[in-house]
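Please have a look at the sequence and structure first.

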Amino acid sequence: MRPRSLYFLVVMVIGWLSCKEKKADNKELIPTVNVVAAAQQTIPFFAEYVGETLGKEDIQIQSRVDGWITAINFKEGELVQKGQLLYTIDDLPIKNKIDQAEAKLTEVITVKTRNKAELDRVEPLTQMHALSQRELDAAKANYQASLSQVESAQAALRNAKIELSYTKITAPITGIIGVSKLLVGDYVGRLNTGAPLNIISSVDKIRARFTISEDEYLKFARRKNNKTDHLLNDDLPVQMILSDGSVYELPGTINLTNRQIDATTGSLLMQSIFENPKGLIKPGQYVKLRLQTDQFVDAVLVPQQAIVQIQNIYQVFVVNDSNKVEPRVVKVGKRIGSNWIVANGIKAGEKLAIVGSAAIRPSSTIKPVAVNWDYVATSKQ
């Protein structure tokens, strides 16, 4: 073979190998990109409020009489039954009052009997004109006065006996009793003259009170077609989140909305109630109350990583059936965890490229890798 022909043959072989290498390089340049499908679901929105727990009933124990505490008949912090004796107050002064009232009643009854006999004597004599009408009127007046005195003495005796019953303080409800503020030997005053002796809480159910802002109230009220008599449905479920972050196992419901906005704080008091069969919740705990305040029906969700933000413009890379990507401007709504709600621009089921740091040009071809994305179905406001 001539040298010139051999040269051209070598050049052709090298050219063919170079083209083959370029084709191989072109194949290697097709990037592998994760692809997710836009989801569609109804997303409830939740709000959390700080609240404080109370018993279903929290009854203050007060004394209705003055005196020295002579006995405490319960164990602090334990369950007491309705009607159970709690405190005994020295009853000797009141027993003396009863003796005095009984003596006074006996005295006025005697006077009444004497005045009745006098009236019975004067009345026929007056009819016979042996005595004047003036003497008859006096006898009648004395008798009527003695009747009033008897009634007054009877009332004083009844009142003294009632006071005697107040020296034994019993539980008005069944519930957990707290730590006694006074001990045996301490002097206790009448009602409203000091702190209560104790508090009994019924805890088979627990109330939790919290406040919402005036703006939130207006938003809720408008959403209920301006029916402001009830802020939220009575059957709206409420979750209680305890101080350790755990969610209380039983849901509650809204059972009270205050009649007015607090002018000093601009807030509205609300109350939810929870069953408490195991007695886990005690009055005075600080908790969070979580309740649904809104929802988006059939919202389109995409991962945050699938959206590229350039100033105020948001866009995604949509992957078509030919595995080519096309940029598309979208309008985003609220963020839901690590996802965005897309108001318009894409539809549920469309494939989106998570480009990351990959350099992808419009209409470029990619090698898609389908990724199952765990979309968050709830959100906090």
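I310, I313 and V329 together make a nonpolar surface patch of about 290 Å². Patches are built from residues with over 30% relative accessible area and no salt bridge, joining like charges within 9 Å and nonpolar side chains (Val, Leu, Ile, Met, Phe, Trp, Tyr) within 5 Å. A salt bridge here is a side-chain nitrogen of Lys or Arg within 4 Å of a carboxyl oxygen of Asp or Glu, and areas come from the Shrake-Rupley method with a 1.4 Å probe, with only the protein chains shown counting as cover for residues.

This is a predicted model, in which local features need pLDDT of at least 70 and side-chain atom pairs count only at pLDDT 80 or more, while totals for chains, interfaces and linings use all residues. Residues are numbered from 1 along each chain as its sequence is written, and side-chain values use heavy atoms, leaving out hydrogens and water.

The table places three residues by strand; strands (E, at least two residues) and helices (H or I, at least four) are DSSP runs numbered from the N terminus.

| Residue | Strand | Relative accessibility |
|---|---|---|
| I313 | β15 (residues 313-319) | 46% |
| N339 | β17 (residues 339-344) | 0% |
| V33 | β1 (residues 32-37) | 1% |

Why does I313 count as partly exposed? Because its relative accessibility is 46%, and partly exposed lies between buried (under 20%) and exposed (over 50%). N339, in contrast, counts as buried, and its side chain joins that of W373 through a polar contact of 2.9 Å. Such a contact is a pair of N or O atoms within 3.5 Å; within protein, one must be able to donate a hydrogen and the other to accept it, and residues adjacent in sequence count only if both atoms are side-chain atoms.

V33 is also buried. Beyond four places in sequence, V33 has contacts (heavy atoms within 4.5 Å) that include A353, I354, V355 and I360. The C-alpha atoms of V33 and V355 lie 6.4 Å apart, although 322 residues separate them along the chain.

For the chain as a whole, there are four helices and 20 strands, and 31% of the 381 residues count as buried.

Finally, confidence: pLDDT, the predictor's confidence in each residue from 0 to 100, has a mean of 86 over the chain. Helix α1 (residues 3-28) has the lowest mean, 49, and strand β5 (residues 85-89) the highest, 97. Where pLDDT is low, the predicted coordinates should not be read in detail.

Technical notes: Buried means under 20% relative accessible area, exposed over 50%, partly exposed in between (1.4 Å probe, protein chains only).
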